[in-house]
Amino acid sequence: MNRYTVVALVVNRPGVLAHISSLFNRRSFNIESITAGLTEDAGITRITMVVSGDLRDLDQVMRQLDKLIDVIKVVDLTERGTVDRELVLIKVNAGPEARAEIMQVAEVFRARIVDLSEDSLVVEMTGDSEKVEALIGLLSKFRIIEMARTGKISMLRGRAAVKTEQA
């Protein structure tokens with residue numbers, strides 16, 4: 001099973017994300033992550049989805065998204081040169097005996113400690129999915145209490161851009 005990164009530029013109005021997620025639900029497509037946010041144009045929202053399946057599934061996803069009236073443009077970024085990032089917050093069990101080691105791990109990953117209590121701390125990191133997974137793997141031995149990941153966002157490298165036809 002392959003993973004594909006699909007970006008959709010959509011009209012920024014209520015209900016669009018619900019339409020897209022219901023489309024995936026009706027077609028039984030698996031979304032591994034989905035993020036949405038405004039673009040440089042306040043009227044347009046950029047939705048980045050990581051979907052799993054084969055090339056036939058990807059083709060169906062792209063075609064079905066293109067049919068939705070609020071979708072302006074759909075692009076598969078999977079095989080293209082991109083900058084990929086994800087934000088993660090990880091709350092870790094951190095008694096006094098483990099705190100220094102956790103802070104060293106965070107430093108190696110250029111992560112930040114953003115909250116500290118008597119028996120836990122919260123680590124924040126931004127990076128590609130592999131880096132996030134590596135940090136999670138190292139922190140898991142301390143017992144992860146809670147974790148929140150944003151999902152992948154992706155942008156083409158260089159001057160290439162995912163833009164509407166008007167831009």
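A: Let's start at Ala94, which lies in the loop between β5 (82-93) and α3 (96-108). Keep in mind that the model is a predicted one. Although Ala94 is in a loop, its relative accessibility is 0%, so Ala94 counts as buried, the cut-off being under 20%.

What does Ala94 touch, leaving aside its neighbours within four places in sequence? Its contacts are Arg99, Ile102, Glu118, Asp119, Ser120 and Leu121. For a sense of distance, take Gly15: Ala94 and Gly15 are 79 residues apart in sequence, and their C-alpha atoms are 41 Å apart in space.

One of the contacts of Ala94 is Ser120, so let's follow that one, guided by its own burial: Ser120 counts as buried at 10% relative accessibility. Ser120 belongs to strand β7, which covers residues 120-127. Its side chain makes a polar contact of 2.8 Å with the side chain of Ser117. Setting aside neighbours within four places in sequence, Ser120 is in contact with Lys91, Val92, Ala94, Arg99, Asp115 and Ile145.

Ser52 has its place in strand β3 (residues 44-53), and with a relative accessible area of 11% Ser52 is buried. The side chain of Ser52 has polar contacts with two side chains: Asn30 at 3.2 Å and Glu32 at 3.4 Å. Not counting residues up to four places away in sequence, Ser52 touches Asn30 and Glu32, and also Met1, Asn2 and Arg3.

Now for the aromatic residues. The structure holds 1 aromatic pair. The rings of Phe24 and Phe29 have centres 5.9 Å apart and planes at 75 degrees, so this pair is edge-to-face. Phe24 counts as buried at 1% relative accessibility, and Phe29 is buried too, with a relative accessible area of 12%.

Is Glu165 buried or exposed? Glu165 counts as exposed, at 67% relative accessibility. Glu165 is found in the segment after β9 (153-156). The C-alpha atoms of Glu165 and Ile72 are separated by 8.8 Å, although these residues are 93 apart along the chain.

Stepping back to the whole chain, the secondary structure comes to 4 helices and 9 strands, and along the sequence they follow the pattern β-α-β-β-α-β-β-α-β-β-α-β-β. The C-alpha trace spans about 55 × 30 × 30 Å along its principal axes. Of the 167 residues, 39% count as buried; Ala94 is one of the buried residues. Among contacts with a separation of 6 or more, 73% come from residues 24 or more positions apart. The chain exposes about 10,000 Å², with carbon and sulfur atoms supplying 50% of that area. As for charge, there are 23 positive and 24 negative side chains, and the centres of the two sets lie 5 Å apart.

Note on methods: Residues numbered from 1 in each chain as written. Predicted model: local features only at pLDDT ≥ 70, side-chain atom pairs only at ≥ 80, totals over all residues. Heavy atoms only, no water. Phe/Tyr/Trp six-rings, centres within 6.5 Å; stacked < 30°, edge-to-face > 60°. Buried < 20%, exposed > 50% of the residue type's maximum accessible area, 1.4 Å probe, protein only. Helix = DSSP H or I, 4+ residues; strand = E, 2+ residues; numbered from the N terminus. Polar contact = N/O pair within 3.5 Å; in protein donor to acceptor, adjacent residues only side chain to side chain. Contact = heavy atoms within 4.5 Å. Areas by Shrake-Rupley, 256 points an atom, 1.4 Å probe, with all protein chains shown as cover. Lys, Arg positive; Asp, Glu negative; His and termini not counted. Charge placed at Lys NZ, Arg CZ, Asp CG, Glu CD.
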